[in-house]
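The following note sets out points for a colleague reading this structure. Each point takes up one feature and may be checked against the model.

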Amino acid sequence: MRCLVTPCESGRGRRTLSSPVLLGLLCTLAALLQTGSGCPSACVCNSTEVDCSGRGLVALPTLSLPPGTRTLLMPNNRLSSLPADTFANLTSLERLDLSNNFLDNLPASLFRELGNLTDLELRNNSLTALDRELFQGLSQLRRLDLSLNGLSSVPLGLLDDLQGLTWLSLATNRLHALERPAFEPLANLQFLHLGGNPWECDCNLRDFKHWMEWLLYRGGRVDAVECTLPKDLRGRDIRGVPVEMFNYCLQLEDENGSVGGSKGGSPPCSRAGGAQPSETPPVADAAPAPDCVRQRYRPVSVRRAIGTVVIAGVVCGIVCIMMVAAAAYGCIYASLMAKYQRELKKRQPLMGDGDADGDPEEKQISSVA
């Protein structure tokens, strides 16, 4: 903002009166007005932080925030929606807290300009679904809190740009299952919170279980993932459920001739990443094909090794049972024969000499006894 000195007219001519003191005061006043106009009256601002916590706001303030803001705190308000260009001018923002509001639908381009954002808090809102492009461009994000919402799924592609994410919370939502490909881009993830969800420990959660085991193997941490269904696994942590419990999933996949757990009839993706060609020839200027379903992870070598161990154990168990049965039969037979010999020995004196002309073999047996 430029400071101007207004010329003053004297009686006979014109001359410009300028005072260094007056010029300094005008510039200082202009700077204060410019700074004050960027901070909403309902918030508290300093050089890099704007705090609007607990103000009962139903919408963002109309005044633009200071362009150098790095932290924006908006928790404990009554926000239910946000325009797509809400944070368009806050390219320096590093922390954004929108927790404890009533947000139920976020525009796909809401965070598009926040390339420097490292911490995003969306805890305790009313989110039931997220657009797959919502977090696009947030390559610097390290912490993401989506807990205490109503999410029932995590769409494929939602986390693709979050390779640097180290902390993620999806606790206390309505998640029944998760897709393994949706979490594979999180190469640097260290902490994952999934508790408080109604997990169904069936074929749809099998591949995600394998991914969790890989995360734990490389030093990551995952909290308890307790099953609610089926009944025989209720209350158990799926990380402790043996892999043999999911062997029937392979049979279902072979019988159905498709990837187990895929829904919606979408074609599976080829190795190159595109959808497999269908029998119907393509039509020019047709609508784009639906997203393909990525094939789930199948640990073939591990399954074969476990199957071999199981079969060997079953065979060894059968052989042991047969050996035990043979030993028991031998003992019973020996006991019966001993009893028979004792009875025969007791009867021998009662027979007297009348049996002297009897069979010589029988006499020999009695003498031996």
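1. A disulfide is taken here as a pair of cysteine sulfur atoms within 2.5 Å. The model is predicted, so local features need pLDDT of at least 70 and side-chain atom pairs count only at pLDDT 80 or more, while totals for chains, interfaces and linings use all residues. Residues are numbered from 1 along each chain as its sequence is written, and side-chain values use heavy atoms, with hydrogens and water left out.

2. The link of Cys-43 and Cys-52 is right-handed, at 105 degrees about the S-S bond. Cys-43 and Cys-52 are both buried, where buried means under 20% relative accessible area, exposed means over 50%, and partly exposed lies in between (1.4 Å probe, protein chains only).

3. A disulfide is also formed by Cys-201 and Cys-227, whose sulfur atoms are 1.8 Å apart. The torsion about the S-S bond of Cys-201 and Cys-227 is about -95 degrees, and the disulfide is therefore left-handed. Cys-201 is placed in the loop between strand S11 (199-200) and helix H3 (206-217), and Cys-227 in strand S13 (residues 227-229), so the pair ties together parts that are 26 residues apart in sequence. Helices (H or I, at least four residues) and strands (E, at least two) are DSSP runs, numbered from the N terminus. Both Cys-201 and Cys-227 are buried.

4. Cys-320, by contrast, is in no disulfide; the nearest cysteine sulfur belongs to Cys-316 and is 6.5 Å away. Cys-320 counts as partly exposed, at 44% relative accessibility. Cys-331 has a relative accessible area of 56% and is exposed.

5. Two strands pair if DSSP finds at least two bridges between them. Strands S9 (residues 167-169) and S10 (residues 191-193) run parallel and are joined by 3 bridges.

6. Leu-168 stands opposite Leu-192 in S10. Residues up to four places away in sequence set aside, Leu-168 touches Leu-144, Leu-159, Phe-183, Leu-186, Leu-189, Phe-191, Leu-192 and His-193. Contact means heavy atoms within 4.5 Å.

7. Leu-168 is also among the residues that touch the most other members of the largest nonpolar core, which has 62 residues; Phe-87, Leu-96, Phe-111, Phe-135, Phe-183 and Leu-194 are the others named. A nonpolar core is a set of buried Ala, Val, Leu, Ile, Met, Phe, Trp, Tyr and Cys residues joined through side-chain atoms within 4.5 Å. Helix H2 (180-183) and H3 are the elements that give two or more residues to this core, and H3 provides the largest share, 4 residues. In soluble globular proteins, nonpolar side chains tend to be buried together.

8. There are 6 aromatic pairs. Rings of Phe, Tyr and Trp (its six-membered ring) pair if their centres lie within 6.5 Å; planes under 30 degrees apart count as stacked, over 60 as edge-to-face and the rest as tilted. The rings of Trp-214 and Tyr-217 are stacked because their centres are 5.4 Å apart and their planes are at 25 degrees. Both residues lie in helix H3, 3 residues apart, about one turn of the helix. Trp-214 is partly exposed at 46% relative accessible area, and Tyr-217 is exposed at 66%. Ring pairs also link Phe-87, Phe-111 and Phe-135 into a cluster.

9. The charged end of Arg-143 sits over the ring of Trp-167, at 3.7 Å from its centre. This description requires NZ of Lys or CZ of Arg to be within 6 Å of the ring centre and within 35 degrees of the ring normal.

10. Two loop residues complete the note. Thr-69, in the loop between strand S4 (49-51) and strand S5 (71-73), counts as buried at 1% relative accessibility. Beyond its neighbours within four places in sequence, Thr-69 is in contact with Thr-48, Val-50, Leu-90, Ser-92 and Leu-93. Asn-105, in the loop between strand S6 (95-97) and strand S7 (119-121), counts as exposed at 55% relative accessibility.
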